[in-house]
Amino acid sequence: MLALHDKQQFYGLAPGVSESALQYGVGLGAEARQPGSDGDLTENAASLRFASYGILPLGKNWQLAPSVIAQHSEDRYRDGDRYDWATFNLRVSQGISAHFALLYEASWQYMDLNPNGRSYRYNDNVYQYQAVRGDFYKLTFAPTFKVGDVFDIKARPEIRFFVTWMNWDKDLDRYAINDDFGSKGFTAGGTWNFGVQTEIWF
């Protein structure tokens, strides 16, 4: 893994913070986010992952935080499969007080998934994952309370009340019948989610 962390500059353009990392893994290490956590990976599995995010203060009470994560993996669960995806996210924070902020977030993800005949069992039947390609996008509004600095993206604990609208390409509904996409009440065409999220540590 190669990593760069600048606590003083937003990609060298303005005062702020920026972090970037490039990871390569094989075998169990091909699960880049949590190496060794996916026991289904083949010994030939390989992945390349790039992640970067920055924080740009905009005046006293506003903060802009863009991020990007992209990953290519192949021979992941069987020889010849391929999983490519890229995510772009933009979070805008409006500080109301030292421990309360309003968060506005927009995300877009592109997926190109080719399981190459990988199968799975569901309700005592065997099915195959389908090759799919498409986009996923969502918008979120989240009033957030934090014990620490409300502008510290890693500060915990926190509690968020959120409203999210999301949609995705219909082709993604075909990936698997036991996958969230395409399940009853969760198909392409737009859906709303409401909830409360609590995190104790980052």
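**Stop one: the pockets**

Select L113, Y129, Y175, A176 and D179: of the 13 residues lining the second largest pocket, these lie nearest its centre. A pocket is an open set of points on a 1 Å grid over the protein atoms alone, where a 1.4 Å probe fits, with protein on both sides within 12 Å along at least five of seven lines; lining residues have an atom within 4 Å of a point. This one has a volume of about 230 Å³, the space filled by probe spheres set on the points. Its lining divides into 10 nonpolar residues, one polar and two charged.

This is a predicted model: local features need pLDDT of at least 70, side-chain atom pairs count only at pLDDT 80 or more, and totals for chains, interfaces and linings use all residues. Numbering runs from 1 along each chain as its sequence is written, and side-chain values use heavy atoms, without hydrogens and water.

**Stop two: the strands**

Colour strand 3 (residues 46-58) and strand 4 (residues 62-74); they pair in the antiparallel sense over 11 bridges. Strands are DSSP runs (E, at least two residues), numbered from the N terminus, and pairing takes at least two DSSP bridges. Pick F50: its bridge partner in strand 4 is A70. Then go to G59 in the hairpin, where phi is positive, near 80°.

Finish on Y24, opposite L48 in strand 3.

Conventions: Helices (H or I, at least four residues) and strands (E, at least two) are DSSP runs, numbered from the N terminus. Ala, Val, Leu, Ile, Met, Phe, Trp, Tyr, Cys and Pro count as nonpolar, Asp, Glu, Lys and Arg as charged, and the others, Gly among them, as polar.
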